[in-house]
Amino acid sequence: MKKLVFTLISLCVLILGADEILVNHKDMKMCEKPEQCCKDYKKENEINDSLQVDKITTLYRQMYSAIIEKDMDTITKIFANDFVMLYLNGRNMNKNECLTAIREGSLSYSHVNHDDIVVTVNGNHATLCGKSSVDIESHGNKKKEDLHIQQDMMLEKRNGKWVFTHSKATTY
């Protein structure tokens with residue numbers, strides 16, 4: 001009888017390719033202790049999220065540096081093509097309008113200090129709330145103004161890289 005059962009099971013494995021279905025009883029007993037054989041996916045996700053938070057925080061800092069230095073290549077890379085910004089003056093600007101404002105100096109910072117950066121990651125989407133003190137140079141005027149700007153931003157991971165998709169700037 002045992003031989004017949006074994007033969008039937010072996011035949012099923014060959015026909016169905018179900019060799020993964022058969023589980024050794026000893027292996028099954030071992031998995032009753034999750035700390036020995038099961039991955040801690042929650043811990044892995046927390047580590048991955050922490051790495052993503054660091055990448056996004058760095059990207060936020062790079063954005064301000066690029067605006068100060070008028071590094072258009074960096075800004076072009078980190079703003080998604082469908083990027084939209086609601087700026088302090090209430091004006092909605094798309095990516096090209098932002099690039100023009102930076103290039104022409106109507107959006108110009110000379111110095112920045114980051115007071116607080118809070119990032120939340122959810123898969124390939126993230127939000128960032130950045131509070132930064134910036135020295136703004138008024139367009140056509142060398143007078144500098146110190147403003148506390150809060151950027152509420154949305155990001156998306158596209159082609160393996162984080163990009164800013166939306167920003168709302170307010171003062172705090």
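**Exercise 1. Which residues of H6 are buried, and where do they lie around the helix axis?**

Ground rules come before the solution. The model is predicted: local features need pLDDT of at least 70, side-chain atom pairs count only at pLDDT 80 or more, and totals for chains, interfaces and linings use all residues. Residues are numbered from 1 along each chain as its sequence is written, and side-chain values use heavy atoms, with hydrogens and water left out.

*Solution.* 

Step 1. Buried means under 20% relative accessible area, exposed over 50%, and partly exposed in between (1.4 Å probe, protein chains only). Helices (H or I, at least four residues) and strands (E, at least two) are DSSP runs, numbered from the N terminus.

Step 2. List the buried residues. In H6 they are Lys-95, Cys-98, Leu-99, Ala-101 and Ile-102.

Step 3. Look down the axis. The buried residues of H6 fall within an arc of 160 degrees, so they line one face of the helix. The arc is taken from the directions from the helix axis to the C-beta atoms. An α-helix has 3.6 residues a turn, so residues three or four places apart point the same way.

Step 4. Turn to the other face. Asn-96, Arg-103 and Glu-104 are exposed there, away from the buried side of H6.

Step 5. Inspect the ends. Asn-94 caps the N-terminal end of H6, with a side-chain oxygen 3.0 Å from the backbone nitrogen of Asn-96. Just after H6, Gly-105 has a positive phi of about 95 degrees.

**Exercise 2. Find the salt bridges and pick out the network that links Asp-82, Glu-156 and Arg-158.**

*Solution.* 

Step 1. Apply the criterion: a side-chain nitrogen of Lys or Arg within 4 Å of a carboxyl oxygen of Asp or Glu. The structure holds 3 such bridges.

Step 2. Start with Asp-82 and Arg-158. Their side chains meet at 3.0 Å, N to O. The pair links distant parts of the chain: Asp-82 sits in strand S1 (residues 79-86) and Arg-158 in strand S5 (residues 144-158), 76 residues apart.

Step 3. Asp-82 is partly exposed at 46%. Arg-158 is partly exposed at 28%. Glu-156 is partly exposed at 24%.

Step 4. Take the pair Arg-91 and Glu-97. The closest N and O atoms are 4.0 Å apart. Arg-91 is partly exposed at 40%, and Glu-97 is partly exposed at 32%.

**Exercise 3. Which residues of the largest nonpolar core touch the most other members?**

*Solution.* 

Step 1. Define the set. A nonpolar core consists of buried Ala, Val, Leu, Ile, Met, Phe, Trp, Tyr and Cys residues joined through side-chain atoms within 4.5 Å.

Step 2. Among the 35 residues of the largest core, Met-63, Tyr-109 and Phe-164 touch the most other members.

Step 3. Assign the sources. Elements giving two or more residues include helix H4 (41-69), helix H6 (95-104), strand S3 (109-122) and strand S6 (161-171). H4 gives the largest share, 7 residues.

Step 4. Zoom in on Met-63. Its contacts (heavy atoms within 4.5 Å) are Ile-78, Phe-79, Met-153 and Phe-164, not counting residues up to four places away in sequence.

Methods: Polar contact = N/O pair within 3.5 Å; in protein donor to acceptor, adjacent residues only side chain to side chain.
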